[in-house]
Amino acid sequence: MTDAASRRRALENVRVVDFSWVRAGPWATRWLGALGAEVIKIEWPENERGRLPSTTTPQHLEVNLNTSGNFNDTNVNKKSLSLNVRSAKGLEVVKRLIAISDIVIENFSSRVLRNWGLGYDVLCRIKHDIVYVSMSGYGHTGRNHHYTTFGPVAQAVSGLTLLSGLPDKPPAGWGWSYMDDTGGMYGAMCALAGLYHRNTTGRGQHIDLSQMVASIPLNGPALLDFTVNGRGSRRAGFPPGNRAHWPGTPLLNNYRGPTVAPHNAYRTHPGGYNDWCVIVCHDDEEWQRLIQVMGSPSWATSEIFATLTGRLQHQEELDQRIEAWSMTLEKYQLTEQCQSGGVRALPVQSAEDRVEHDPQLRHRKMYSPIEHPALGQHLVQNAPFELSRTPALNHSPSPLIGQHTQEIVEGLLGYSHEELCSGFADGTFWPANRTRFHYMEEMLR
Amino acid sequence: MTDAQPTPGPLAGLRVLELADEKGQFCGKLLGDLGADVVKIEPPGGEPSRRVGPFLDDVPHPERSLSFWYYNTSKRSITLNLKAAYGRQLFRSLAAAADVVLETFPPGFMASLGLDYELLCQQNRRLIQCSLTPFGQTGPWRDYLSSDLLHMAAGGEMASSGYDEADVPNGPPVAPGGGNAWHMGCHYACMAILAALVDRTLSGQGQYIDASIHEACALTTEAAIASYVYRGEVLRRQTGRHHAANHTPRTQFRAKDGRYVCALLGGRLNPRFVRNLADLLDTYGMAGDLRDPKYQDPAVIAESTSHIIDDLVANFIASLPAEEAYHAAQERGFTWGVVRAPEDLLDDPHLHDRGFWKQVEHPELGRSFTYPGEAAIFSDSPWQLSRRAPLIGEHNLEIFCDELELSRAELVVLAESRVI
């Protein structure tokens with residue numbers, strides 16, 4: 001850590017004005033921060049969404065603006081400026097900040113920044129080469145730009161939800177906001193592409209990202225099957241659960257790679273809620289290896305399973321047989337036996353499994369402790385890649401709300417201490433009638 | 001896509017060499033659609049991902065894979081056998097002038113050919129190489145086999161997705177389809193490459209990126225990790241909505257036409273919300289008792305959650321076609337969505353307003369097809385598909401003869417000896 005921490009980082013000297021809230025936007029700026037940018041989160045406690053409501057506050061702590069665990073993980077590597085942008089004075093402060101920044105990013109619905117008097121035309125006048133990334137639900141253009149999303153809505157409307165589930169059942173969908181995670185990735189990618197373009201041409205731009213629209217290209221092959229072949233996804237046997245193909249339905253590719261069997265999740269010993277393993281055989285050779293791993297039971301050498309088409313046709317029986325075997329092994333044991341026998345298998349892993357039991361994630365140091373002033377020391381999730389020269393690092397916990405107000409207002413923007421104090425008194429930096437946190441009192445001394 | 005010179009994308013002028021199969025081809029597409037010149041290096045005969053269906057008119061052929069078509073837009077293709085000594089020499093020549101190498105070989109494979117990053121960057125200090133592999137270059141699972149389904153299992157996607165007990169008793173964890181494990185890996189790899197490119201504009205130096213699909217998937221389950229880390233909770237799967245430690249009200253309702261609507265309500269039921277909800281339902285005469293002043297008391301709302309959701313909202317949605325319920329709700333400020341099939345999107349006027357759909361010409365077929373476009377509209381340097389996926393070795397002449405200055409006669413010899 002110390003060696004890596006001392007190294008140059010990719011976004012050194014890049015400053016980001018971060019209006020983002022809830023999850024998708026903050027997930028984008030988390031990575032810009034890890035890559036070395038100075039990310040200044042603009043927050044206001046009266047309409048804060050991301051810290052509250054919190055379902056991830058440790059049981060022994062009071063739920064308040066500074067105790068959400070998920071907020072902490074989503075907002076590492078940032079500073080917080082509490083500021084009422086909807087006041088004239090607050091707007092003036094944020095404009096001074098934008099004037100010395102590189103990126104403005106937000107994930108409000110489409111008209112919010114314009115209504116604040118911070119549309120792209122204004123941003124450009126303040127900083128001619130600003131990279132402005134808007135991450136709204138439906139984008140800033142198009143007749144439904146005023147529609148709003150959360151991850152599950154973007155997933156539903158874009159077709160992603162329908163890809164998940166068992167035939168003849170309601171869609172299972174995604175058990176979390178996949179498009180908040182992924183929308184965040186697109187936000188970060190857009191910011192970086194815009195920054196690269198600025199560094200090479202000297203020109204900024206507005207990047208109009210839409211969470212719903214960004215979901216659609218994740219259905220590419222299914223869409224082409226329709227636009228090219230006229231085949232829709234509302235059809236018997238789709239989606240095929242964890243299988244590549246649902247037995248007894250027309251033999252079609254289901255957009256998850258090759259159409260093969262076995263390709264499923266199987267229960268493992270001792271049969272608990274997450275005691276499952278997935279096994280996939282891409283060809284006859286891999287199937288022969290699985291037979292070996294299973295100890296060459298006589299059923300497996302039956303002719304009906306010898307060919308791919310036979311296995312697809314008799315998939316129901318095949319899966320039952322495999323599960324009878326998989327139930328005799330614990331999931332990590334089964335994984336180990338399969339993989340050392342050249343068979344594709346991995347355990348279904350809960351969050352606990354990933355944090356506590358996954359030997360690969362442990363080896364790769366996926367989770368490392370970080371100390372937070374209100375939450376104490378907890379693990380945060382690290383980058384899934386190593387950049388050899390400019391590492392992406394979680395260098396600081398999420399900010400307490402308004403923690404860096406003084407540092408930014410006085411230190412960075414050059415306002416006087418008196419101006420800071422009057423801004424607290426008149427409701428610019430904190431609602432005048434709201435109890436201040438102790439660190440704010442210290443700022444005002 | 002006209003003959004007029006298109007405005008260059010943000011990555012214009014960059015050369016990417018892509019040695020990627022199904023694991024990394026989407027990353028190459030992202031870079032290509034963002035304007036980079038992505039040269040896909042395929043083994044002679046073509047990349048195996050050309051064998052993945054569906055196929056044009058259901059005729060299997062390496063030039064007719066719709067999956068390959070989709071994931072390889074805006075790229076050129078050359079064929080090159082890296083196991084041949086001369087093939088490696090040609091690759092080194094290309095790498096000497098490239099900006100990015102993206103590869104998805106098993107760890108150690110490039111090094112075994114004498115093509116490891118240390119050697120490649122000796123001749124090109126600006127070179128960025130990203131190795132995107134199932135588990136990264138190190139660790140006990142480094143050499144494990146994988147697949148999309150395997151990553152969705154180990155990454156935690158499956159543990160979070162599935163059914164309420166009432167819908168599918170004792171149901172399995174469900175892996176959402178569509179090849180999203182590869183998407184997750186590619187998004188992070190793309191982000192890392194872009195960061196390295198930004199750094200290079202100032203430092204002048206490239207670097208090596210070791211990216212892991214398993215880690216990318218393990219990172220993509222929203223608050224699941226935080227729920228465990230901060231509260232020790234292991235979340236349970238629920239039909240069509242978020243995993244949760246304790247059962248939460250349903251959000252997915254069946255509409256009159258048998259389609260579903262995702263109607264987010266839980267946790268948002270306060271007096272103001274209920275008034276707005278009554279307005280929405282009342283438009284269709286379906287408000288029931290929701291206008292009763294008693295619902296201005298948060299305690300009454302809390303007691304009546306099941307009535308509001310399972311009776312009133314469920315009946316309201318059941319009385320309308322799903323699309324109508326969706327638009328009616330959104331127009332009144334409700335964050336609701338219709339559960340669409342991909343093909344339902346083709347008629348969405350909002351997407352047409354944004355110019356989302358692209359007509360992509362396939363000149364060899366004399367046809368053009370509609371492709372989904374880009375996630376975002378860039379005002380100064382468009383993100384846009386520049387061309388259909390390449391045919392196998394379609395650009396061998398352009399690259400080997402025009403750029404590397406081989407003669408056509410040499411090209412023939414190289415083809416005969418399976419170097420290209």
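1. Let's start with the crossing of H8(A) and H8(B), which is left-handed (left-handed if the near helix is turned anticlockwise from the far one by less than a right angle, right-handed if clockwise). This is a predicted model, in which local features need pLDDT of at least 70, side-chain atom pairs count only at pLDDT 80 or more, and totals for chains, interfaces and linings use all residues. Residues are numbered from 1 along each chain as its sequence is written, while chains are lettered from A and ligands numbered from 1 in the order in which they are written.

2. The axes of helix H8 (residues 178-201) of chain A and H8(B) cross at roughly 20° and come within 9 Å. Here axes are lines fitted to C-alpha atoms, for helices over the stretch in contact, and angles run from 0 to 180 degrees between N-to-C directions. H8(A) and H8(B) are therefore roughly parallel to each other (under 35 degrees counts as roughly parallel, over 145 as roughly antiparallel, 65 to 115 as roughly perpendicular and the rest as oblique). Helices (H or I, at least four residues) and strands (E, at least two) are DSSP runs, numbered from the N terminus.

3. Which residues meet in this helix pair? On the H8(A) side they include Met185(A), Met189(A), Leu192(A) and Tyr196(A), and on the H8(B) side they include Tyr188(B), Met191(B), Leu194(B) and Val198(B). The contact residues of H8(A) with H8(B) divide into 14 nonpolar, 5 polar and no charged. For these classes, Ala, Val, Leu, Ile, Met, Phe, Trp, Tyr, Cys and Pro count as nonpolar, Asp, Glu, Lys and Arg as charged, and the others, Gly among them, as polar.

4. Stepping back to the whole interface, 127 residues of chain B are in contact with 128 residues of chain A (in contact means that the C-beta atoms, placed from the backbone, lie within 7 Å). Helix H8 (residues 180-203) of chain B supplies the largest share of the chain B side, with 15 residues. By class, that side of chain B has 70 nonpolar, 40 polar and 17 charged residues.

5. Strands link the chains too. Strand E6 (residues 205-210) of chain A and strand E14 (residues 376-378) of chain B run antiparallel and are joined by 3 bridges; Asp208(A) has Ile377(B) as its bridge partner in E14(B). Two strands pair if DSSP finds at least two bridges between them.

6. One sheet also takes strands from both chains: it is open, has 7 strands in the order E12(A)-E6(B)-E5(B)-E4(B)-E1(B)-E2(B)-E3(B), and its pairing is mixed. Its edge strands, each pairing on one side only, are strand E12 (385-387) of chain A and strand E3 (75-79) of chain B. Neighbouring strands are turned by 20° against each other on average, direction ignored. H8(B) comes back here: this helix packs on the sheet, touching E12 of chain A together with strand E4 (100-103), strand E5 (128-133) and strand E6 (208-212) of chain B, and its direction makes about 165° with that of E5(B). Within the sheet, strand E1 (residues 15-19) and strand E2 (residues 37-42) of chain B run parallel, joined by 4 bridges, and Leu17(B) has Val39(B) as its bridge partner in E2(B).

7. H8(B) has a partner inside its own chain as well. Helix H1 (residues 25-33) of chain B packs with H8(B) at an angle of about 45°, their axes 8 Å apart, and that makes H1(B) oblique to H8(B). H1(B) passes H8(B) in a right-handed crossing. Among the residues making the contact are Phe26(B) and Leu30(B) of H1(B), and Trp182(B), Cys186(B) and Ile193(B) of H8(B). The residues of this contact divide into 9 nonpolar, 1 polar and no charged.

8. Chain B holds a further open sheet, with 3 strands in the order E9-E10-E11 and antiparallel pairing. Strand E9 (252-254) and strand E11 (336-338) of chain B are the edge strands, each pairing on one side only. The twist averages 25° from one strand to the next. Helix H13 (residues 305-318) of chain B packs on the sheet, touching E9 and E10 of chain B.

9. How confident is the prediction? Chain B averages a pLDDT of 96, and 99% of the residues score at least 70; pLDDT is the predictor's confidence in each residue, from 0 to 100. The model scores ipTM 0.98 and pTM 0.98.

Technical notes. Contact = placed C-beta atoms within 7 Å.
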